[in-house]
Amino acid sequence: MESNGNSLEKHYRACHLCEATCGIEITHNKKEIISIKGDKKDTFSQGHYCPKALVLKDIYNDPDRLRKPIKRSGQNWHEISWDEALDTVVDRFASIRSNHGPDGIGSYLGNPCVHNYGMMTHAGHFLGLLKSKNRFSATSLDQLPHHLVGYKMYGHQMLIPIPDVDRTDFFLMIGGNPVASNGSLMTLPNAKKRLKAIGKRGGKLIVIDPRKTETAKIATEHHFIRPGTDAWFLLALLNVIFENSPSFSTNVSEYCKDQDKARTAVRGFTPEKAEPITGMSAGTIRRIADEFMTTEKAVCYGRMGVSVQRFGALCQWLIQLINIVTSNLDKPGGALFTLPAFDTVGGFGSKPGHFARWHSRVSQLPEFGGELPTAALIEEILTEGEGQIKGLFTAAANPVLTAANGTKLEEALSGLDFMVSLDFYINETTRFADIILPPTFTLEHDHYDIAFNALAIRNTAKYSPPLFPKTEGAYHDWEIYTELGKRLAAKLEVQPRQDASPDQMLDFMLQSGPYSAQAGHEQALSLGVLKKHPHGLDLGPLKPSLPDRLATGDKKINCAPELFLNDIARVVEELSPKATESGTLLLIGRRHLFDANSWLHNYPRLLKGKDRCKLLLHPIDADRLHIRDNEKVRIVSGTGSVATTVSITEDIMQGVVCLPHGWGHHRPGTGQKVAGQNAGISMNDVTDHLQVDPVSGNAVLNAVSVKVEKIRQ
Ligand SMILES: Nc1nc2c(c(=O)[nH]1)N[C@H]1C(S)=C(S)[C@@H](COP(=O)(O)OP(=O)(O)OC[C@H]3O[C@@H](n4cnc5c(=O)[nH]c(N)nc54)[C@H](O)[C@@H]3O)O[C@H]1N2
Ligand SMILES: Nc1nc2c(c(=O)[nH]1)N[C@H]1C(S)=C(S)[C@@H](COP(=O)(O)OP(=O)(O)OC[C@H]3O[C@@H](n4cnc5c(=O)[nH]c(N)nc54)[C@H](O)[C@@H]3O)O[C@H]1N2
Ligand code: SF4
Ligand SMILES: [Mo]
């Protein structure tokens with residue numbers, strides 16, 4: 001903290017609201033926030049920030065934010081003491097556990113858990129004591145395919161290669177929109193500037209997306225692709241690349257195995273066959289393959305659009321192969337592994353992952369890393385029998401709006417025997433809880449980006465101290481986990497684990513990590529050192545690290561895991577050039593710069609501007625359906641329907657429609673007044689929870705078949 005002499009002080013920290021980790025400067029008077037802006041001295045973000053950072057003040061001051069535990073009786077809530085809340089939770093869980101077995105208690109961890117390091121270090125003890133197989137999280141609505149591919153190919157779920165954005169000359173981006181999302185699995189403050197820089201240095205950014213997105217608009221090229229058909233496009237690209245490189249000699253081929261199996265598997269997937277399926281011309285596919293091969297520094301990257309669809313795992317595997325066979329893996333300007341100061345791969349306690357050790361009870365979906373796919377949550381609550389979920393714990397999550405088939409999930413949640421939520425809002429999901437345990441807000445605790453430093457385009461480290469002390473009697477998320485763990489251990493008559501605090505754990509990890517004195521590193525990182533660098537520490541660009549960094553037993557890259565090879569057949573079975581069912585459109589999602597999934601809709605400064613829930617519709621489809629701009633329509637799927645107004649635009653591919661997610665705040669009984677008045681509609685009232693990528697179990701939230709009907713007044 002710096003003082004400027006007239007009792008105003010400056011506080012420096014990383015914004016935790018998205019993956020970009022921008023450094024911000026908060027001016028305050030010890031009680032109130034006066035202003036928030038980008039920290040120009042931040043070594044990584046150099047002053048960049050977005051309008052979302054400003055709502056940190058609004059969240060801190062929000063009267064709707066819960067400060068004390070609340071208990072529900074009927075439709076009413078009343079405050080209770082922490083002791084009563086924690087004891088009740090543990091009593092109820094213990095009794096469900098003894099009546100129904102450990103699987104009788106489910107848990108669901110939402111996205112903000114990963115933006116809160118105390119939740120990451122301290123959830124394990126309590127959740128572990130429950131010993132339930134019914135653990136779920138937002139991972140399987142999102143990046144599960146990346147983890148599965150990292151685990152199968154490189155031996156560790158956190159070995160996810162990161163595009164070297166600042167040095168590449170050819171960036172092939174498939175199904176990602178970093179100009180709106182600020183980047184994902186690629187921590188990069190100021191995505192727009194960094195991506196524009198590729199073109200400025202004579203390189204290319206090619207975006208493949210069914211929508212001409214904000215990112216497509218700053219790209220050198222954009223190509224529409226029919227949603228859900230990316231596997232075909234990637235197979236065709238690889239096929240051309242293999243055809244033109246008869247020998248498999250690359251920078252990593254010495255430690256690659258089964259490359260020939262991969263080569264054989266893609267044979268026959270020509271661009272000409274891909275054309276009628278993907279909607280991309282064969283000539284374009286051949287040219288992209290050619291340019292990819294002949295550019296020295298090139299990288300292929302795929303995000304939500306290719307992960308969260310029917311072929312999520314297959315697409316992510318093919319993307320790895322493209323980088324490998326063109327000599328772009330583990331090379332500056334290509335895709336590289338990070339070496340984070342808190343080492344999530346080689347560090348103490350790091351778990352490589354495991355897959356399909358057990359399956360969900362009803363649909364037999366495979367576990368990954370100890371979690372079952374969220375697709376199984378509804379049926380595991382609703383289907384009677386041994387192992388049925390009777391009690392549920394949720395943390396920082398709103399699956400009623402963010403998981404597929406929110407309406408059915410509401411039905412499931414309302415039938416639970418007991419539910420508890422770790423959250424500071426009564427949202428569309430936590431309103432079903434019997435008890436809500438509200439933690440302190442981020443500005444009242446310290447912060448370190450364990451996950452996002454490990455996924456950043458440069459190696460970087462920054463520690464953010466608390467801005468304000470927590471109010472008396474309040475608990476941080478990690479303290480709530482600790483208290484629950486202690487009490488549950490006593491009930492179960494087992495030893496409670498004596499965990500250090502998150503900052504002590506962080507210090508230990510830094511002092512035993514790759515930049516420690518112990519590792520002979522000149523920076524000799526420790527928490528103390530980070531505290532002396534409030535603007536962060538740049539640890540340099542990503543460096544080649546193979547084969548050392550590989551976590552496979554034989555230190556080889558597994559180029560052709562059976563799991564993915566066997567899935568190629570499904571591409572032919574499911575994706576054929578046959579015309580889509582007449583009248584059916586494919587629904588995809590979109591993110592807006594001002595959103596963060598479901599939870600930033602209670603702050604007026606982010607609600608300004610146009611209606612964000614409009615359905616994007618192509619003019620030719622609009623003509624066919626006799627729908628005019630701004631008319632009201634109903635979007636109908638096999639799951640349900642929602643009504644909204646239409647925006648006719650050539651920015652969306654013909655045959656495709658587009659909606660955002662995370663809205664639908666009209667549901668009764670929530671505690672976010674402003675959001676309630678700006679309700680919007682929930683895209684996940686039409687997505688189908690039973691639709692998954694059968695390989696990974698990941699949800700399908702893109703390329704959902706819908707019909708669009710005009711609502712006659
Ligand atoms: N149709 C469609 N659906 C999607 C997506 C899509 O693209 N399309 N995207 C999916 C993706 S990628 C994700 S990650 C999910 C995200 O969806 P969720 O995992 O449900 O996450 P959020 O909606 O961001 O946050 C939910 C809650 O976290 C609480 N929270 C915030 N910070 C903290 C904290 O520090 N501690 C605690 N205890 N609580 C906190 C907020 O109060 C809020 O109530 O949505 C998915 N849903
Ligand atoms: N402003 C904002 N930022 C966010 C979030 C937010 O809600 N709002 N959420 C955060 C989270 S949790 C995540 S996971 C990241 C996600 O980060 P991104 O993946 O960069 O974000 P999306 O906007 O979901 O981008 C997915 C793109 O895929 C396209 N797409 C849809 N279907 C297909 C398909 O079948 N094929 C192809 N090729 N493309 C397709 C969509 O049109 C969209 O442009 O963003 C994070 N940042
Ligand atoms: S881009 Fe993300 S990290 Fe940066 S200020 Fe905006 S919300 Fe915060
Ligand atoms: Mo996500």
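This is a predicted model: local features need pLDDT of at least 70, side-chain atom pairs count only at pLDDT 80 or more; totals for chains, interfaces and linings use all residues.

Residues are numbered from 1 along each chain as its sequence is written, chains are lettered from A and ligands numbered from 1 in the order in which they are written, and side-chain values use heavy atoms, with hydrogens and water left out.

Around ligand 1 there are 29 residues, of which Asn 111, Thr 402, Asp 423, Asn 427 and Ser 598 come nearest; a residue is counted as near if one of its heavy atoms lies within 4 Å of the molecule. By class, this shell holds 15 nonpolar, 10 polar and 4 charged residues. Here Ala, Val, Leu, Ile, Met, Phe, Trp, Tyr, Cys and Pro count as nonpolar, Asp, Glu, Lys and Arg as charged, and the others, Gly among them, as polar. Domain 2 (70-142 + 345-540) and domain 4 (582-710) each contribute at least three residues to the shell around ligand 1, the domain bounds coming from an automatic or database domain assignment.

Several N or O atoms of the protein approach ligand 1. A polar backbone atom of Thr 402 lies 2.6 Å from a nitrogen atom of ligand 1, and a polar backbone atom of Leu 422 is 3.0 Å from a nitrogen atom of the ligand. An N or O atom in the side chain of Asn 427 is 2.7 Å from an oxygen atom of ligand 1. Taken alone, ligand 1 exposes 920 Å², and the protein buries 97% of that; accessible areas come from the Shrake-Rupley method with a 1.4 Å probe, and for residues only the protein chains shown count as cover.

Ligand 2 is surrounded by 32 residues, the closest being Asp 209, Asp 230, Arg 591, His 592 and Asp 595. Its shell divides into 11 nonpolar, 14 polar and 7 charged residues. At least three residues come from each of domain 3 (164-330 + 550-569) and domain 4 (582-710). Among secondary-structure elements, α5 gives the most to this shell, with 3 residues; helices (H or I, at least four residues) and strands (E, at least two) are DSSP runs, numbered from the N terminus.

A polar side-chain atom of Arg 591 lies 2.7 Å from an oxygen atom of ligand 2. A polar backbone atom of Asn 177 is 2.9 Å from an oxygen atom of ligand 2, and one of Leu 593 is 3.2 Å from a nitrogen atom of the ligand. Of the 910 Å² of accessible area that ligand 2 has on its own, the protein covers 97%.

Helix α8 (residues 230-243) is largely enclosed by the rest of the structure, because 13 of its 14 residues are buried; buried means under 20% relative accessible area, exposed over 50%, and partly exposed in between (1.4 Å probe, protein chains only).

Two buried side chains complete the tour. Ser 137, in strand β8 (residues 135-137), is buried with a relative accessible area of 4%. A polar contact of 2.7 Å joins its side chain to that of Glu 371; such a contact is a pair of N or O atoms within 3.5 Å, where, within protein, one must be able to donate a hydrogen and the other to accept it, and residues adjacent in sequence count only if both atoms are side-chain atoms. Arg 194, in helix α6 (residues 191-200), is buried at 13% relative accessible area. The side chain of Arg 194 makes a polar contact of 2.6 Å with that of Asp 166 and reaches the backbone oxygen of Phe 44 at 2.9 Å.

Definitions and conventions:
The expected span of a helix is 1.5 Å times one less than its number of residues.
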